[in-house]
Protein chains: 2
Amino acid sequence: MSTPFTEFELMRDLRQDGGKIVLVVIDGLGGLPGTPDGKTELETAHTPHLDRLAAEGSLGLSIPIRPGIEPGSGPAHLSLFGYDPVRYPIGRGVLEALGIGFPLQTNDLAARGNFATVDADGLITDRRAGRISTEECIRLTAQLQKASDELFDDCEVFIEPVQEHRFVFVLRGAGLGGTLTDTDPLTVGKKPLPVRDESGSDAGARAAELVNRWVERARQALADEPQANSLNLRGLAQDPNLPLFPEIYGMRAGAIAVYPMYRGVASLVGMEVIEFAGDRPRHEISALVQAWDDFDFFFIHIKKTDSYGEDGDFDAKIHEIEAVDAEIPRILELGAGALIITGDHSTPAALGSHSWHPVPTLLWSPQAMPDAVQSFGERACAAGHLGICHATTLIPQAMAHAGRLKRFGA
Amino acid sequence: MSTPFTEFELMRDLRQDGGKIVLVVIDGLGGLPGTPDGKTELETAHTPHLDRLAAEGSLGLSIPIRPGIEPGSGPAHLSLFGYDPVRYPIGRGVLEALGIGFPLQTNDLAARGNFATVDADGLITDRRAGRISTEECIRLTAQLQKASDELFDDCEVFIEPVQEHRFVFVLRGAGLGGTLTDTDPLTVGKKPLPVRDESGSDAGARAAELVNRWVERARQALADEPQANSLNLRGLAQDPNLPLFPEIYGMRAGAIAVYPMYRGVASLVGMEVIEFAGDRPRHEISALVQAWDDFDFFFIHIKKTDSYGEDGDFDAKIHEIEAVDAEIPRILELGAGALIITGDHSTPAALGSHSWHPVPTLLWSPQAMPDAVQSFGERACAAGHLGICHATTLIPQAMAHAGRLKRFGA
């Protein structure tokens with residue numbers, strides 16, 4: 001009679017109105033020891049407000065993807081929003097387009113482009129075209145845009161620079177689809193491959209044909225370049241049409257983020273992007289205060305912690321964590337039903353890179369079980385009431401604490 | 001070549017004879033701080049015997065349904081018995097019938113009934129008929145039973161009072177089935193809906209027709225009532241025919257519980273209900289002693305902790321926990337291979353309601369890994385060897401400790 005629920009059906013079935021929820025994502029929050037006494041960035045930072053929340057709330061360590069998997073920023077955020085990135089993979093082209101803030105529309109076909117060098121026989125000699133400068137990338141993408149503008153009658157092409165040899169390719173038009181292969185043979189000494197459709201659909205056949213025509217035209221336009229005389233496309237993909245966050249959880253959701261990538265991922269799941277001036281945590285919290293009445297759920301993204309982690313700058317990462325700590329009282333004054341402070345992944349300055357280490361996570365609410373700890377840090381989190389939990393469980397847990405979930409069963 | 005195992009196939013494959021297992025479910029065991037120094041009910045209770053077991057055994061926090069989901073008692077118990085309630089949902093009608101101790105038979109179709117008030121046009125003005133008294137409910141259900149007795153040639157109808165405006169409807173006969181919708185439009189100002197079958201099966205069509213005929217007759221019988229002049233049926237469902245506990249785990253299982261609901265859920269998975277006199281924990285443990293030779297597995301249900309939690313009575317909940325503690329030596333004397341002490345869910349007196357907080361859990365066995373704690377409480381459990389585990393994993397863990405599981409693979 002009854003059929004098993006999916007996780008999202010469970011949410012749709014149980015959700016109800018309740019308190020507001022704030023999710024603060026301190027990008028790359030988790031770290032590794034870097035001081036003489038073996039403390040991490042978060043453990044070293046002077047964070048009286050976060051420590052108070054830790055004493056009053058529940059701590060844990062969250063796993064963004066799977067244990068041991070180092071997350072990219074896109075999937076890591078999807079996971080925090082409740083979408084298991086292994087079950088809801090997003091094409092690289094879509095993530096790359098979101099990453100530069102390209103206003104992707106439903107059915108747009110997006111790819112990650114790489115300029116490359118080929119020899120007289122068309123064999124690839126450098127898959128990254130000698131890592132040309134970003135200025136060169138900008139010049140070349142403008143050139144490609146010009147060459148593309150009147151290529152198709154019924155489709156538009158957008159070429160946007162990213163960095164060095166990387167660019168974004170977007171094809172917009174009706175009837176595009178399919179499962180499209182990459183042109184990159186992933187090795188030098190071979191020719192780029194034609195795009196093939198593996199879905200067998202009409203939309204796939206059409207998309208493959210148009211993309212191949214564009215690639216040919218683009219290579220002609222680059223033929224006289226000394227380095228970037230060819231290119232490859234990877235991760236051709238469309239907006240995955242994810243089930244929408246507001247519809248799953250029954251919450252109007254607003255996103256506060258400085259960087260386009262995070263605004264893009266939030267848009268992808270149906271959050272509304274809140275505009276504001278400035279780029280510091282205090283500006284973001286001012287935007288939260290301003291928009292408080294308009295949403296049930298707020299996603300706030302703090303970027304620089306990750307950037308400093310990637311730079312290997314232990315102290316700068318600490319200072320950015322402290323800048324977030326200083327804003328906590330203004331968040332608390334608003335009277336949220338539940339507040340989550342976490343990261344999308346760890347970026348230990350000691351590694352200078354994203355890492356797979358589970359992420360310190362704090363859930364504060366008047367209804368939270370206070371843990372037996374007095375500070376917010378990796379080691380404290382390991383003994384907390386949230387345990388080692390998958391990041392996708394955080395929204396349901398916050399909803400419970402904010403009174404937004406009905407009882408399951410009688 | 002080989003196909004993946006389901007969890008139950010794994011148990012069927014690995015199970016063997018071993019020591020006896022006792023599962024003591026202290027209903028609503030988990031709490032929240034309620035003393036000036038921030039201790040919970042369980043942390044405050046004087047429990048020398050449970051503390052000794054905690055020092056010798058392994059602790060953890062169990063998740064009954066999913067993180068953040070507040071469990072009903074039925075699904076929470078299924079989970080403790082190893083059945084993920086999200087994968088094995090039980091219809092509300094079945095749970096309601098079990099809840100009043102109705103001896104449901106396989107294929108019986110059960111629903112939760114609500115008396116309602118409609119106006120002259122048949123539009124619902126009160127979905128709960130002004131929350132009539134339970135006495136009124138008893139009078140009205142007797143009246144409905146009478147009106148139903150000769151309605152069908154080949155089916156029986158049972159109408160049982162529950163509380164206030166709530167009753168149980170059971171239709172018994174051959175060839176019933178389907179996926180049946182509710183009659184309740186969930187809002188006032190509308191007419192009750194007819195029951196529809198969504199399965200498209202013959203059994204569904206037949207069941208929908210019979211139920212609709214009964215509803216019509218029942219509304220006629222109520223037409224002159226001032227308040228309860230109509231009714232709705234919700235959660236029409238049959239016994240889900242779950243795989244049976246003794247067959248999955250290879251253990252003869254006996255259930256010791258005072259309240260019908262818990263005897264019912266135990267019966268649903270094929271446990272045998274052990275009869276006994278009295279309603280205190282000491283009577284239940286006497287029943288355990290008495291029945292020790294007859295079963296491999298015992299489920300003992302302690303109800304009042306939950307009732308006191310729901311009443312917001314912090315101290316009474318403590319006293320009931322202490323009453324259980326006093327019985328521990330009699331349990332230990334029996335020489336079980338493994339003993340689990342847990343709750344089906346948390347019912348913090350501070351909230352006066354079931355809650356989603358994970359449940360303190362203790363696994364004692366001569367083979368258990370002793371944790372670095374000396375007491376049984378929420379905070380101690382957060383740092384234990386069982387971690388934050390799903391409740392469905394407890395039976396396999398107990399079986400392992402009681403020597404009831406073979407090695408997996410060579």
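A residue is called buried if 20 or more other C-beta atoms lie within 10 Å of its own, exposed if 12 or fewer do, and partly exposed in between, with C-beta atoms placed from the backbone. By that rule, buried residues make up 53% of the 410 residues in chain A. The model is a predicted one, in which local features need pLDDT of at least 70, side-chain atom pairs count only at pLDDT 80 or more, and totals for chains, interfaces and linings use all residues. Residues are numbered from 1 along each chain as its sequence is written, while chains are lettered from A and ligands numbered from 1 in the order in which they are written.

**Overall form of chain A**

- Chain A contains 14 helices and 13 strands; helices (H or I, at least four residues) and strands (E, at least two) are DSSP runs, numbered from the N terminus.
- The C-alpha trace of chain A spans about 70 × 60 × 40 Å along its principal axes.

- Strands of a sheet pair through backbone hydrogen bonds, either parallel or antiparallel.
- Two strands count as paired here if DSSP finds at least two bridges between them.
- An open sheet of eight strands in chain A has mixed pairing and the order β9-β8-β10-β1-β11-β12-β2-β13.
- Its edge strands, β9 (272-273) and β13 (387-390) of chain A, each pair on one side only.
- Strands β2 (residues 58-63) and β12 (residues 359-364) of chain A pair in the antiparallel sense over five bridges, and A:S62 stands opposite A:V359 in β12(A).

**The contact between the chains**

- Two residues are in contact if their C-beta atoms, placed from the backbone, lie within 7 Å.
- The contact between the two chains takes 37 residues from chain B and 26 residues from chain A.
- On the chain B side, the largest share, four residues, comes from α5(B).

**The nonpolar core**

- A nonpolar core is a set of buried Ala, Val, Leu, Ile, Met, Phe, Trp, Tyr and Cys residues joined through C-beta atoms within 7 Å.
- The largest such core has 250 residues, and A:V211 and B:V211 have the most contacts inside it.
- Leaving aside neighbours within four places in sequence, B:V211 is in contact with B:L171, B:L180, B:V195, B:L233 and B:L236.
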